[in-house]
Amino acid sequence: MRTATYFFIFLNLSLALFEEPAVYPLPFLATSVLEVLCLLVFLGRLTHFAKVTLHSVFWKDTKNICIMVAILLSLTDLAIYGVLRLYNVRSIRWSRIVRPIFLINFAESRQIRRAFRSIRNTLPEITYVFLLFMFSLLMFSLMALKLFGERNLQTAEGLPYFRNYLEIVFDLYVLVTTANSPDVMMPAFDFSSWYALFFIAFVIVNTYIFMSLFLAVVYNNYKKHLKVMLGGACD
């Protein structure tokens, strides 16, 4: 039963590849039949679990409530989407976002729940590092606006260069990943090669220092919370 549950969870999550807009489109009837089949299996698995569990314990377990709500939302969304298609009305399958609930909340997914809980417990503790990073990003963006905003520089596409603060924030945020390096600095570099020092300083502070610090904090706190939960499970 565990293998069957995992198979249908995988099948349910994989439907996103075949539903509109799809990577490999299949007819709506085919995907809807597969989804209903998966939901029936989930409902049967939940019913079986209710038969072997005390009534009071079953209804107090939030995991079971989450699964039932996810099944109900998925069926409702599927029905509404099917009716709208009959009338050629475009709509969105908003229930796709609840599909990972099945992966997390079934009894067989204990290890996944531990990992998910560790991530959830880690998030508050990395907030301070994230705020420091955002402060650095905003300050560098303000400096870039003052340095380049009044130079009337243009990008290779002929667009204004570093004249809008929000666009500067986004461009420098992408530069943290070095995805737009060195293109983002070339208009300033062509104006004066000394401006390269600004981007070098930005990459050193934010990419090499803050990202390394961010990774270390995430890893250490995640490992700490996971160790605590595993120790509690062993006890």
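## Arg93 and Asp77

Both Arg93 and Asp77 are buried, where buried means under 20% relative accessible area, exposed over 50% and partly exposed in between (1.4 Å probe, protein chains only). Their side chains form a salt bridge at 2.7 Å, N to O. A salt bridge is a side-chain nitrogen of Lys or Arg within 4 Å of a carboxyl oxygen of Asp or Glu. This pair links distant parts of the chain: Arg93 sits in the loop between α4 and α5, and Asp77 in helix α4, 16 residues apart. Helices (H or I, at least four residues) and strands (E, at least two) are DSSP runs, numbered from the N terminus.

## Model and conventions

This is a predicted model, in which local features need pLDDT of at least 70, side-chain atom pairs count only at pLDDT 80 or more, and totals for chains, interfaces and linings use all residues. Residues are numbered from 1 along each chain as its sequence is written, and side-chain values use heavy atoms, with hydrogens and water left out.

## Arg93 and Glu35

The side chain of Arg93 also forms a salt bridge with that of Glu35, at 3.0 Å, N to O. Arg93 is in the loop between α4 (62-86) and α5 (100-105) and Glu35 is in helix α2 (residues 28-51), so the pair ties together parts 58 residues apart in sequence. Arg93 and Glu35 are both buried.

## Salt bridges in the whole structure

The whole structure contains nine salt bridges. Shared partners join Glu19, Glu35, Asp77, Arg93, Arg96 and Arg99 into one network.

Another salt bridge pairs the side chains of Asp61 and Lys63 (3.0 Å, N to O). Lys63 counts as partly exposed because its relative accessibility is 21%.
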